[in-house]
Amino acid sequence: MPATTLAPFLACTRLGFGASPRDIERIRAQGFSRWLDAQLAPPSGDDADTASRIASARLRIKYAANPGQEIAAVDEARPLHALDQSISETWQLLDGGQKVANQERVRPRYELVVATLLRGMHSPWQLRERMVEFWHDHFNVQGFDAQVAVALPTYDRDVIRKHALGNFRDLLGAVAQSTAMLVYLNNRSSRAGSANENYARELFELHTLGRGAYLNAQYDKWRAVPGALQGKPSGYIDQDVYEAARAFTGWTIEDGGTVANGRKLPKTGRFTYVDSFHDGYQKRILAREFDPFRPAMRDGEDVLDLVATHPATANFVAGKLVRRFIEDTPPPGLVARVADVFRRNANAHDQIARTMRAIATAPELTEAAGRKARRPAELVIALARGLDHELTVTDQFIGVLDGSGQRLFGWPAPTGHPDDAASWLGTQAMRQRWQLVLGVLENSWGTGEFDAPSLTPSGTHTNGEIVAAWQERLLGARDAGQAQAILTAMKLPDDAPPQNVQRLRRMVAYVAMSPGFQMR
Amino acid sequence: MHMKRRDLLKLTGSAALLAATGLRDLAFANEPGAGDTVLVFLFLRGGCDVLNLIGPSNDAAYAEARAPDLRVLDSGDHAGLQLLTGGRDDFRLHPEAAPLLELYQQKHLAIVHATGLADETRSHFVAQDLMERGWLDNNKQRPSGANGWMTRWLTEIGGAHGLARAISTTGAVAKSLEGQRDALCVPNLKYGYGVPGGDEARAVLSSLYAGPGLAATSGRDAVAAVAALDARLPRGADHRPLPYEPAHGAQYDENTDIGTALSTVARLIKLDVGLRAACVDMGGWDTHEGQPGRFNNLAKNLSRALAAFWNDVASEQNRVLLIATTEFGRRLRSNKSNGTDHGHGGATLALGGCVDGGRLLGPWPGLHGDALDRGVDLAVATDYRSVLAEAVAPTVSPAALQRIFPGFRAEQRLGLLR
């Protein structure tokens with residue numbers, strides 16, 4: 001296969017959600033370099049095509065009547081209403097006493113899953129979609145909890161998506177003030193006296209410095225942390241977590257709770273700072289002294305500044321990006337290069353885009369191709385893109401995808417979904433991968449008939465030609481041995497035309513069930 | 001009824017079984033004997049607030065540190081369930097843990113309090129990794145190879161591989177079984193465990209996955225394993241797997257993950273597929289906020305699932321040993337979110353026919369200021385590996401025990417097993 005076609009294919013699989021005929025053509029026409037420039041600086045919002053698909057999407061919602069709670073039965077195909085709403089609008093789903101069914105309250109999560117899959121399949125801004133996926137894992141929240149679910153549209157739109165290729169400190173600050181994170185890691189209920197440490201701990205361990213910088217053996221000996229006496233501690237200890245938890249007291253949401261003097265907060269779900277919740281006394285965080293009683297939110301903002309610019313954060317984020325985009329065991333040299341770009345551009349509005357450029361232009365991107373396991377959502381998106389198949393996201397399909405182990409916006413642990421092959425290639429995971437591919441091609445979950453005759457690449461007539469053409473489309477290259485294996489097991493002659501559309505679909509399914517399609 | 005291989009052959013039809021067999025079945029002829037221990041490792045993920053599960057209900061420091069709905073009470077409508085340990089402290093179980101009290105009174109369940117890592121980590125992920133690998137301390141010597149402690153145990157006991165020697169009920173293989181290449185992930189057997197697409201797909205996939213590479217190796221293992229295990233499931237006339245009927249009227253709550261997981265393990269034990277090691281997860285224990293209601297449910301679901309499991313495996317009780325533990329306990333003093341933050345000392349439960357149960361084991365460090373770890377947390381009085389080591393000691397030599405838990409020295413004998 002000539003190199004000119006290989007490069008666009010790899011660009012699609014390594015930096016996007018898989019190769020579609022349209023994107024292959026786009027990259028071929030523009031050249032990789034111009035395509036990448038555009039990918040790194042996409043216009044905000046969806047392109048017209050994707051936007052219209054999201055606007056016309058319908059997702060079924062169904063629940064039984066509950067007369068005791070004045071809830072009537074519902075069973076309808078409903079547009080995606082929550083995605084454009086503000087937090088104060090979606091928050092009202094929680095405030096109906098018992099009169100709102102839980103299915104309505106978690107509905108925003110399901111709507112966001114539909115929009116996310118549609119964007120993955122159709123958006124020309126593939127790299128942004130990959131970054132949105134990455135940051136949702138990095139700043140994981142769990143949307144099966146209704147209070148998180150109603151906050152997801154804002155979280156996705158105004159926090160993750162807005163800053164996905166922007167500045168890390170901006171992103172970190174937006175996450176810290178997001179309703180979704182304040183609820184998920186409990187900072188909204190943290191109060192002076194005995195602060196809730198959940199957010200502070202994961203801020204250090206998962207959002208910024210990383211567990212490699214957790215020097216727990218120094219627990220209470222901050223002076224013993226290398227560099228601490230020069231004001232540049234190489235890592236963090238438990239005391240930093242405790243003190244940072246104090247720094248963020250008062251960062252909460254308008255959830256109708258009572259503040260000092262019997263005043264009640266409104267019920268909007270919006271971020272707010274409540275000074276009477278804040279522990280204002282002096283603190284010491286990462287070897288830095290914080291004076292007592294500083295202006296509102298100054299403690300928290302300074303913690304975010306310290307962790308966002310800590311060298312360990314650059315290494316941790318770079319390591320995770322390289323693991324996501326290159327391979328499970330990140331080459332240290334590349335991580336160092338990427339971390340350096342991240343660090344040098346700490347004040348750039350497009351810090352993350354510049355960091356991603358270092359990854360997108362690294363030779364390792366090509367050298368290590370085929371070593372990353374596609375996770376289930378990526379597998380089905382890549383399948384729809386490769387087939388050029390109009391996949392309708394149904395409630396049944398989301399159920400199957402959730403059951404495959406990848407629960408978009410629903411992973412319970414704050415780590416986000418795992419990102420290594422071992423977690424996604426076990427026996428059960430392999431069964432589910434094959435099931436997902438077969439189910440889409442055979443329309444098991446109402447996702448739409450795969451129009452195999454008209455979508456099969458033109459100029460192909462025999463079984464052998466058809467399998468080879470689909471291999472080229474889905475895997476980027478032909479594999480005569482595997483093609484023969486498929487036809488032999490299907491008892492189909494190489495040189496005859498396909499018997500019927502069912503057999504044709506099976507043939508395509510087997511190509512996508514092969515090892516090559518499980519990886520990128 | 002303990003089902004023998006020949007019964008299953010009749011049930012599934014030997015032709016179907018033979019058609020489904022791969023290399024794995026060669027080992028099947030030497031299937032392990034019925035007396036071989038099955039070790040079930042249940043991980044309570046998130047850091048179980050063991051002081052809310054098994055509390056010294058009359059301890060003044062305990063009462064001082066927490067609101068009544070965050071501790072086990074010694075009197076009143078919500079009083080805890082008395083363990084009658086005979087000591088000065090009145091240890092009681094959470095009121096929702098009645099099924100655990102029953103197992104304890106039947107002497108099948110032993111509780112080791114104040115277990116944990118010597119390492120001071122208060123990170124979930126560091127602590128879980130250490131425990132699943134059988135290490136003590138993040139900063140000291142580690143065994144060569146990063147495999148799970150159950151993997152090392154399986155290597156030491158040797159023996160035939162069977163169809164499902166090691167399983168995880170999670171989507172991915174638990175780290176305790178890291179490096180165990182034939183470990184299967186079996187979250188559920190309700191809908192069978194076959195290769196999607198039927199016999200033709202199985203044949204295609206066997207060829208497609210014959211080559212080298214990570215995905216190919218995984219897929220090859222999966223095709224062979226799932227087909228062989230699937231063939232062992234009893235099926236109705238319509239070839240669908242028959243619904244599972246637990247023995248002795250055991251009732252699992254299938255709406256809970258832990259109920260489904262333990263019923264799957266029990267079923268595999270009784271299917272006679274050579275199961276020796278099973279890893280089960282129960283999440284949700286990271287109760288930083290709104291703990292009382294959440295903990296009620298957790299205690300209830302855990303206790304009921306363990307009791308159902310125990311009834312269900314009644315015919316195999318002499319060889320089943322379940323160990324449940326958590327990465328750390330939680331802070332003695334509650335926070336202002338009506339929850340508790342990460343602490344240090346935890347607890348470990350052991351359930352089995354060979355367990356010398358009905359006892360609270362291990363030294364109790366107490367909850368007064370000086371006894372607390374860093375002045376705030378329940379101290380670790382028993383290395384968690386003492387429990388694991390005593391659990392597997394009858395199955396391996398002392399030298400092998402050292403290979404499973406490198407550097408481990410028992411400071412005191414708990415007397416976990418009879």
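Where does α6(A) bend, and by about how many degrees? Hold that thought for a moment, everyone.

A word on the ground rules: this is a predicted model, where local features need pLDDT of at least 70, side-chain atom pairs count only at pLDDT 80 or more, and totals for chains, interfaces and linings use all residues. Residues are numbered from 1 along each chain as its sequence is written, while chains are lettered from A and ligands numbered from 1 in the order in which they are written.

Let's begin with chain A as a whole. Its secondary structure comes to 27 helices and six strands; helices (H or I, at least four residues) and strands (E, at least two) are DSSP runs, numbered from the N terminus. The C-alpha trace spans about 80 × 65 × 40 Å along its principal axes.

Now, back to our helix. α6(A) bends by about 35 degrees at Pro108(A), the bend being the angle between axes fitted to the seven residues ending there and the seven starting there. The helix covers residues 102–122 and reaches 31 Å from its first C-alpha to its last, close to the expected 30 Å, which is 1.5 Å times one less than its number of residues. Of its 21 residues, 18 are buried, so α6(A) is largely enclosed by the rest of the structure.

Next stop, Val225(A), in the loop between α12 (198–207) and α13 (238–247) of chain A. Val225(A) counts as buried because it has 21 C-beta neighbours inside 10 Å. Leaving aside residues up to four places away in sequence, the residues it touches include Leu215(A), Pro233(A) and Ile237(A); contact means C-beta atoms, placed from the backbone, within 7 Å.

Finally, the two chains together. Their contact takes 47 residues from chain B and 48 residues from chain A. On the side of chain B that touches chain A, α9(B) gives the most, with nine residues.

Thanks, everyone, and over to you!

Note on methods: Buried ≥ 20, exposed ≤ 12 C-beta atoms within 10 Å, placed from the backbone. Contact = placed C-beta atoms within 7 Å.
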